[in-house]
Amino acid sequence: MSKKIKTLIFAAALCFAATPFLYIGGQSEGSGLSILGLAIFCVGMAIAPILQMTAGKEPEDAPPTADK
Amino acid sequence: MLDFAVPITMGNWILAFIPIVILLALLVGFRWGAAEAGALTWFIVVLVAVFAYKTPLNTLALETVKGVWSAVFSILVVVWPAILIYEVTNEAGAFEPFRKGMERVTPNRLLQIMAFAWGFAGFLQGVTGFGVPVAICAPLLVGIGVRPLQAVILALVGHAWNNTFGTIAVAWLALKDVTQLSGAEAAVTALYSGAFIWMFNIVAGLTICWIYGKAKAIKEGLPAVVIISLLQGGGTLVLSQWNDVVNGFIAGTMGFLIIFVLGRTNWYNKPSSVKTDIFIDDDQITSDAATEDKMGFHLAFSPYYILLTLTLGILLIAPIKNALSVWKWSIPIPETATGYGFVNPEAAAYGAFTPLAHGATFLLASALIGYLIYNSKGFIEPGGMGRIMARTIEKCIPATIAMVSLTALSVLMRDTGQAAVLAYGVGTATGGFYAFMAPFVGILGAFMTGSNTAANILFGSFQQTAAQVIGSNEAAILAAQTAGAAAGNTIAPGNVLLGTTTVGLLGKEGDVLRVTMVVALGLAAVIGIAVMFVA
């Protein structure tokens, strides 16, 4: 499994982990939980575009990663 | 012209349109994958929602939950088992016997393509929907040797005509429900809808031929296009006046079965004479002669037979379906509102998912039973399950990110009024020219929601009001809405992603959209012109 896939698994897990905070925070109008949930969700959402943008900057002759 | 909570200004319209432009630019222009493009666009939608559409924090939080819930229980539940069934079939080496078997049905590769991309996809859409036709038919096309990119495009174009009356006509019933049409009004609207869907159906058949081999393929495929579309599109038109619920199923079934007859005719009982580049070269297809000898067509197709049996046996037998539909998963969502007073009512059971009567469960069961069958016959090598699961997870993860971001952004646009501002803005600006734009609004709805049904719910009543305000033909406008929404399924990122994920082409969504956008927008223009004549 490639490093990118492992990172995306982490990103997806963050998005799913954020939803209980968003749900409870949104229902009870508790802004603390909502903010926490949104922060976690934003980190999860940001990972894929960041990977895309940083991947474009890698030199073409970079050595292959040693994922097994 | 139209009363609406959010100010319909040029500034608000442009701000609502910016995310769509950016999403398309990233996908088509920069060739980003849907996961990356969707996630970045989600941030932009959030900024627009908070700063321009006055969305408070708790609404933002709950709308995000709605988005995640919808992504998982509307789309990902189909994506995950669809990938699994493909990987099981692939691990067993069942695609090669399957391809050989198809050649016995007809040696004509153009008709083989039509059989899967148009006939079988339309049939599946008539029965199950939920993206299953794309998730099944695109890999099957790859299985018979079609290049993955073309396979996705063909399946998208070939299935979408049956979106309105397929899946037990749920999209059509939703349109009738939100517009409160009388019996007579519904009959006229159904007639127009049937006519526009027939146009779509013909365009789909011709597009499949064009992709196969341009004008020469259209010439060779014309008899099949005429006969199949007579049964699919013409059947839809006639049946629209008789029975809503089984319309799509009957039209889809007739259109599929006639292909087996066509394969015996002088037109198609010989190899195609048209040169095509949509197939992977035969010498590139890894062929296992031992597998071919041992595994016949029917054994190779066994997971799909199980899928058909489960689907037909459960969804079309009302008492069984009703009994299995009792168990539902849903989430209660309180009322949400924006600072502009755009209110989304409380939902006691948001996004209800019926696990025992959903196509996703049938797919999962078919994959598991298919694995057991292949394994019992010795077609799964030791360690096969591990390889299947590894490849499935590798494909599922990027698709999961993509669907969560795309659904979250579309739900946020819908429930903060951005989607409605887009539609109302078009209505306000175009005035008497609106009749032409009606199918494009349908396309917009499907593009944002990935569903003909959701698009009709989102914009059905708006289209009705717009038709009344401009004094246009209401039935034709509503028919254009649902036909446009059906066409919009060919460009809805979620549907595109279903195809690219299941054929292992993830990240190439933009390449698919380059073709399907031309088909969808071209078709909408044709329907728009037709509406202007009758409106």
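Which residues are buried in α21(B)?

1. In this predicted model, the residues of α21(B) that are buried are B:P493, B:G494, B:N495, B:V496, B:L497, B:L498, B:G499, B:T500, B:T501 and B:T502. Because 10 of the 10 residues of this helix, which spans residues 493-502 of chain B, are buried, the helix is largely enclosed by the rest of the structure. Just after α21(B), the backbone at B:G504 takes a positive phi of about 75 degrees.

2. The largest nonpolar core holds 201 residues, and the members that touch the most others are B:I113, B:F120 and B:I136. Helix α3 of chain B, residues 57-91, supplies the largest share of this core, with 20 residues.

3. B:I136 deserves a separate look: when its neighbours within four places in sequence are left aside, this residue is in contact with B:I85, B:F120, B:L124, B:Y304, B:L307 and B:L363. One of these partners, B:F120, is itself named among the core members that touch the most others.

4. On the surface, a nonpolar patch is formed by A:M1 and A:I9 together with B:M385, B:M389 and B:I393, and its accessible area comes to about 360 Å² in total. Helix α16 of chain B, residues 384-415, gives the most to this patch, with three residues.

5. From chain A, the patch member A:M1 lies in the segment before α1, the helix at 3-28. A:M1 counts as partly exposed because its relative accessibility is 36%, a value that falls between the 20% limit for buried residues and the 50% limit for exposed ones.

Terms used:
Residues are numbered from 1 along each chain as its sequence is written. Chains are lettered from A and ligands numbered from 1 in the order in which they are written. This is a predicted model: local features need pLDDT of at least 70, side-chain atom pairs count only at pLDDT 80 or more; totals for chains, interfaces and linings use all residues. Side-chain values use heavy atoms; hydrogens and water are left out. Patches are made of residues with over 30% relative accessible area and no salt bridge: like charges are joined within 9 Å, nonpolar side chains (Val, Leu, Ile, Met, Phe, Trp, Tyr) within 5 Å. Accessible areas come from the Shrake-Rupley method with a 1.4 Å probe; for residues, only the protein chains shown count as cover. A salt bridge is a side-chain nitrogen of Lys or Arg within 4 Å of a carboxyl oxygen of Asp or Glu. Helices (H or I, at least four residues) and strands (E, at least two) are DSSP runs, numbered from the N terminus. Buried means under 20% relative accessible area, exposed over 50%, partly exposed in between (1.4 Å probe, protein chains only). A nonpolar core is a set of buried Ala, Val, Leu, Ile, Met, Phe, Trp, Tyr and Cys residues joined through side-chain atoms within 4.5 Å. Contact means heavy atoms within 4.5 Å.
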